[in-house]
Each structure stands twice: as C-alpha cells, then as structure tokens.
Amino acid sequence: MKDKIYFVSDCHFGVPDKMSSLEREKTFVRWLDSIKADAKILFLLGDIFDFWFEYKHVVPKGYIRLLGKLAELSDTGTEIRYFTGNHDMWVFDYFEQEMNFKIYRKPVVEEFNGKKFFLGHGDGLGPGDKKYHLIKWIYSRKINQKIFAFLHPYIGSSIAQYVSKSSRLANGNSDEIFLGEENERLIVFAKEFIKKNPVDYIILGHRHLPADILLEKTRYINLGEWINKHLFAVFDGKELTVSSFE
C-alpha cells in the first residue's frame, strides 16, 4: 500500500563532474526503487539539478535514468511534487506535461493526517541576503527567460556549464559550518513563522547543512545535500523520521 510521504532535496545532479554525478544519480535511482512500493507522495524540495532550462522543444541532455524512474513512480501511483530551487528555477512545464508532476515555486503549508507541514526549498527565506533576492528577481523575470531561450541550446548549455563549474559544489566545497540558531537565516525565519503560524514540521533544503531541531513544538528539519550525505525524510502518517540511504 502506498501510504508514506517522502522528502528529499539538493541532489545537484550535474556537478562536480559527469562521472561522479552519474554515480550519484544511480544511487538516487536505487533509493527511488526502494520507496516505490509505499511512496504515496514524493516531495522534491529543489535543486535536484545544478542547472535546468527548458527550451520549447529541447530539454537538457542526460539524467535519463533519473527521469525514467521518476516517470515510473508517477505512472504507478506516486504523486510527485517538485519545488523549484535557486539552481533549477527554470523548470517550466515539461515535468508537468510528461510526468504529471505538481510544480511549486513558493513554500506552502500542507496538512497530512492532522499534522501541518511547512515545505519549501529555503532560498530567500530569513533576514538579509539582498544580493540573492536581486539575482532571483532578475532570473525570474519572463523577459529574461525569453532572452535566454533565444540562445541556441549549445550556447545556453555552455554558459550553464561554466556557471556550474564555478560553484562551490563543483569545486568540492560543500561543507557547511553551523552558525548558531541566532545566525542561521532559515532557523531565524522558522522561529518568526511559527509565532503566527503554528505547524508541526518545517522541512527545507538549500542550506546544505543537515539539521533536526525542536523549536518549541515545531520540528525544524533541513535535509542537507545529496553530494555527501544521502538524507531523506519519511512520514508514515504518525511519525516523521530522517534517514540516510546506503
């Protein structure tokens, strides 16, 4: 019986290089195989790809194992909900049309079995980081997306690969240091949010720093990243657990 809800984020497929990304993709596909019998809903909480852009008639090359397995889960009754992150914000309608995904571009509050969940990627939440807000505003403008779409896919992909190779993950710098609850933007956001919007769980990614912290009656969970730690969360209708695959 498909009765469990799974959460995962920040796989960043495409970095740090083709071969290591492919091995990580194969591991992720094994994980999808392990949950397909009981996964009622699968939440992909952003940055599944290190870069993604859909032209009208072209999608990025590669990831065939991943996309095929996700299509299999969708076809066999698993509902897949995809949150765009800061690396894959240019997901448009391909996944919706081809695999029946539900796409989210902002955080949401969902309720399952009487438990309330605040879910999102995590980018842009919390105080500060005005530079990122400006960049996201530029990237999210439809006019800028259309300008990029006019580029030949070879040129667009080359630009994307150049940007990805300059990222911290591509250069093996994925370790994060906990800054303390008062300095962690997402925890600061969570504390402010629950003052007016009580929820049972806040589940995010983006930070690349795994966390499982009780904030009064709310459990704040950050799923880290799938480069080094293959973390996921699962809700069985009563309890939520965080585990590592292989």
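Colleague: How many bridges join strand β10 to strand β11?
Modeller: Happy to walk you through this predicted model, where local features need pLDDT of at least 70, side-chain atom pairs count only at pLDDT 80 or more, and totals for chains, interfaces and linings use all residues. Residues are numbered from 1 along each chain as its sequence is written, and strands are DSSP runs of E, at least two residues long, numbered from the N terminus. Strands pair if DSSP finds at least two bridges between them. Here β10 (residues 231–235) and β11 (residues 240–244) run antiparallel, and the number of bridges joining them is five.

Colleague: Which residue in β11 does Phe235 stand opposite?
Modeller: Phe235 belongs to β10, which covers residues 231–235. Its opposite number in β11 is Leu240.

Colleague: Which residue in the hairpin of β10 and β11 takes a positive phi?
Modeller: Four residues lie between the two strands. The one with a positive phi, near 105°, is Gly237.

Colleague: What radius of gyration does the protein have?
Modeller: The radius is taken over C-alpha atoms, and the globule rule is 2.2 Å times the number of residues to the power 0.38. For 246 residues, a compact globule would come out near 18 Å, so the protein agrees with the rule at 18 Å.

Colleague: What are the dimensions of the box that the C-alpha atoms fill?
Modeller: The box is taken along the principal axes. Its dimensions are roughly 50 × 45 × 30 Å.

Terms used
Heavy atoms only, no water.
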